[in-house]
Amino acid sequence: MSTVYYNGQEYQTRPLMSDVGGYMLASAASAAILSPLPYIGKSFQKQLNREIPNNHLFKDYFYKSFNISGLKDKGVGIVEAQFNDVPLDYKLGHQACYDPFNRKVILNTNKISSAGFHELGHALNALKSKWGIKYLAKLRAPGYAIAGLMEYFAIFSRSKPKDAPRNLTDVIEDNCGEIAFIAMLPTVIEEAVASYRGIKLAKKSGVPKSLLNNMKKIYLKAHATYSGKAILGGLAVYASRKIMDYFTRPRPIEESQSLLFG
Ligand SMILES: [Zn+2]
């Protein structure tokens, strides 16, 4: 084992096995922290499916909402997934989306019209928004890419002691959990605004209160998939980083000796 010096203090570098041990524990911790996500996703799907018997009611209001939204004037169209060549998930009514490139709301209107209002909300965000909301949607892909990158920053071993001077990589590594969370925030906010505007539109088109409440339940659970990913994803990266730090950072000599003998 070798030693390094920072500010006159001698530190002991950690053996390679520390990396492996740290990585295994960090992976386990990360998996445990992320484990609720599939349940959150399933709970949303269940809520969405619960409204399929009411679809005929939602469908009329959905088209009415589209008509009064002003989105037609912006060139937005509806693609009925059940009749079109779109990915299977959309055909089956497991997925819906707003495609900003072609200005199309894509969904199976014979199954999940209840989700359509939210997609209209995305279209409104993109085409008729204030306060720069439309830019939030553009940060979605880069945000997730950055968050994904932070998972890697979290598992690098640390060659420097805790109080050594920092360069940019160190700063990123030190804050990778926070960076991952913040990178996903624009999407969390834009999704919430899309739901808010979708519900507002539904109200305006006369969706009765009971249906509106069911819709809110779907949208809350849908949003939990996004906020859950940001919060738990950020926490998983944070925990991985802390574990790797603990396992791989060089320790001051006195500290490591006292550990040996203590
Ligand atoms: Zn959405």
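Student: What should I know before reading the model?

Tutor: This is a predicted model, where local features need pLDDT of at least 70, side-chain atom pairs count only at pLDDT 80 or more, and totals for chains, interfaces and linings use all residues. Residues are numbered from 1 along each chain as its sequence is written.

Student: How many helices and strands does the protein chain have?

Tutor: Helices (H or I, at least four residues) and strands (E, at least two) are DSSP runs, numbered from the N terminus. The protein chain has 11 helices and 6 strands.

Student: How are two packed helices described?

Tutor: By the angle between their axes and the distance between the axes. Axes are lines fitted to C-alpha atoms, for helices over the stretch in contact, and angles run from 0 to 180 degrees between N-to-C directions. Take H1 (residues 16–34) and H10 (residues 209–248): the angle is about 160°, and the axes are 8 Å apart.

Student: Are H1 and H10 roughly parallel or roughly antiparallel?

Tutor: Under 35 degrees counts as roughly parallel, over 145 as roughly antiparallel, 65 to 115 as roughly perpendicular, and the rest as oblique. H1 and H10 are therefore roughly antiparallel.

Student: At what angle do H3 and H5 pack?

Tutor: H3 (residues 55–68) and H5 (residues 113–127) pack at about 20°, with axes 7 Å apart. H3 and H5 are therefore roughly parallel.

Student: Which residues of H3 and H5 meet?

Tutor: Residues are in contact if their C-beta atoms, placed from the backbone, lie within 7 Å. Among those meeting are Phe-58 and Phe-62 in H3, and Phe-117 and Leu-120 in H5.

Student: What box do the C-alpha atoms fill?

Tutor: Along the principal axes, roughly 75 × 35 × 35 Å.

Methods:
Contact = placed C-beta atoms within 7 Å.
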